[in-house]
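Please open the model in your viewer and keep the selection panel at hand. The stops below name what to select and then say what is there.

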Amino acid sequence: MWRMVEHGAVSWLAAHRTRFDPDAADEGRVLFVRKALVEVALLVGLRARAESGSFDDADYQLLFDQVTAVAARDSYRELVARDERALLLYAGTYASQRLCGRPDREFEHLIGQVVSGRYAACFERVPFRQLDLLHTLELTGIDHAVPPADAVLPSSLLCADPSVLKLSDGDVYAITHTVFYATDFGRRIPRWPTGFDLPQAVEALEALSLLYRRRENADLVAELLCCLLCLGIRDSLETERAWAFLADVQEPSGRVAGPDGILPPELENGDPEYRAWATGYHTTIVAALAGHLARDAAVIRRPRPSPPRSAGKGRLGAAIRRAIAWLTDDALEAPFDRAVAAAGAASRAARSVGEPQLAARTLTRLVQRADGGPAQPVAWGQQGVDAVAECARGLSACGLACDSLDRFLTDTAGTLAGLAAVPTTAAGGVRRLQDLGRLTERQADSLLASTDPVSLLVENHAPAITAAALAQYADGQPLRLGGDAFVWRPVAERFAAALPAACRSYRLEEVAALLQGLGVLGWADHRITRDGVDFLLRQQHPTGAFGYPARDDPQERATAQRVWTRSCAVALSCLHDLYDE
């Protein structure tokens, strides 16, 4: 597959090679074309290095001839002496010529003069741009006094192990380029800083690749695929999916379109042929680069390292216990419907940590209000199946009884036992009644046989709504969904892809639902899920409540925190149950 992608991409680039000539560009597009020229020059140089200065593909030779023609002009080469901030543009072009076995002493002298000056190589750059400078100078063979990559890597975003849920496109480009330059495009193992964890980095790159596949951003999918190849990872499920994605989006001409908004406003207006080139050349170059890395024999190869496992249940358990305490206090004097919701969440959380007595106080108060109040019956049927079932489970675990709730469960079970089928949305209630001993295993299995969780995958439903429906169906047990991985993997990817936006917009209830959905789909220990859990844990107050409403009205604050704390406590409890010790 990679051979097909690379061949098509290089063919399209060669067919549009004259577009990489700054002299042929309109005045307002010259700088844009100079940047495009150095990018295609790097591709050509890396391919020539792999082929000892020659090319096994005539299209690469055409691109080389185009780069050479531009680099030979005094009007191009001498710009480096006049625009020192653009050193990398011209040094990169020369590096390509040198890799192709075409050193140019005059061009090298010009660049060396600029490098030895007191500005171009020393003005302040962000880490990945500094690594770019170091790598480019390495390829030119020009001596310099710039501190080595070892001094830069510890400050890079890659080595900080950031949350994959919070990264912007620009952040991800910084990470991918750090990998490119630090590894010399896969030809060396860098001296990573102390504490750098390669399996952790690979896991993060794969998670980002998944997110950008779902966003249909071929540019970053290709860059992330190149990163995995540079780190020696060529045989993994995510690299296979990335290749399949690139092959699917590649046009018959070989072009691979870049993401929307790739052109600056001043370049938007143009003829269709120019726009097709300008919006596709970079992504097509990176797709070709991925193909080159896949076949360059000098690129390091290593087995995919086993990803790190979760930190276990420790942090989750402490957060859950704090949430139980807050929910208990909130439920004691709350209106009955709010008290049921809080008591149900507290009971679920207490069951997860194996300490049902933590919810005993709020359950005792709930029984007093339900059975010792006015003669009119309590409307248990309006309280939500999850909350009611968890209250019943909690009461049983604490050795408590509630007459009105017992009658409601008995009546409900009797109604269901007389049915031959139930809607899929009622499956969660069936499971819970069986768990509470109100339905026999035979009765429950008969009713559940009439349901199909796949029917819950309604396309026009928001991912968080679908995640909540699946979690209710499974009652926290992944195996209850049945089916094969082919059905559920795209669903899990959809939930994972929705997490970053939910975190950015601070929709904590959605974050909790998506994490619970990922848990029941078997993704409890996935990097994206773990980063989502970390995000939630950092939203907990010392009091145990979840969320920072950023509002001053006390009632609005309290309402938001109640909803968030209930949903977060339940989601974290579900994941706590699924994590290994």
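**Two helices side by side**

Begin by selecting F128, L131, D132 and H135 in α8 together with A174, H177, T178 and Y181 in α10, since these are the residues through which the two helices meet, contact being taken as heavy atoms within 4.5 Å. Of the residues in this contact of α8 with α10, four are nonpolar, three polar and one charged; here Ala, Val, Leu, Ile, Met, Phe, Trp, Tyr, Cys and Pro count as nonpolar, Asp, Glu, Lys and Arg as charged, and the others, Gly among them, as polar. This is a predicted model, in which local features need pLDDT of at least 70 and side-chain atom pairs count only at pLDDT 80 or more, while totals for chains, interfaces and linings use all residues. Residues are numbered from 1 along each chain as its sequence is written, and side-chain values use heavy atoms, with hydrogens and water left out.

Now widen the selection to the whole of helix α8 (residues 127-140) and helix α10 (residues 169-182), whose axes come within 9 Å and cross at roughly 25°. That angle makes α8 roughly parallel to α10, the term being used for angles under 35 degrees. The crossing of α8 and α10 is left-handed, which is to say that the near helix is turned anticlockwise from the far one by less than a right angle. The axes are lines fitted to C-alpha atoms over the stretch in contact, with angles running from 0 to 180 degrees between N-to-C directions, and helices are DSSP runs (H or I, at least four residues) numbered from the N terminus.

**Two buried residues**

Next, select L263, which lies in the loop between α13 (237-249) and α14 (272-278). With a relative accessibility of 5%, L263 counts as buried (buried is under 20% relative accessible area, exposed over 50%, partly exposed in between, with a 1.4 Å probe and protein chains only). Show its surroundings and, leaving aside neighbours within four places in sequence, you will find L263 in contact with F32, E268, R275, A278 and T279.

Move on to T565 in helix α27 (residues 554-578), a residue that is buried at a relative accessible area of 0%. Not counting residues up to four places away in sequence, T565 touches A323, W326, L327, G544, A545 and F546.

**Charged pairs**

Then select D26 and R29, whose side chains meet in a salt bridge at 3.4 Å, N to O; D26 is partly exposed at 47%, whereas R29 is buried at 12%. A further pair to select is E251 and R255, at 2.5 Å, N to O, where E251 is partly exposed at 30% and R255 is buried at 10%. Finish with R351, D386, E390, R393, R432, D435 and D475, which salt bridges with shared partners join into one network. The count of salt bridges by this rule comes to 43.

How values were computed: Parallel < 35°, antiparallel > 145°, perpendicular 65-115°, else oblique. Salt bridge = Lys/Arg side-chain N within 4 Å of Asp/Glu carboxyl O.
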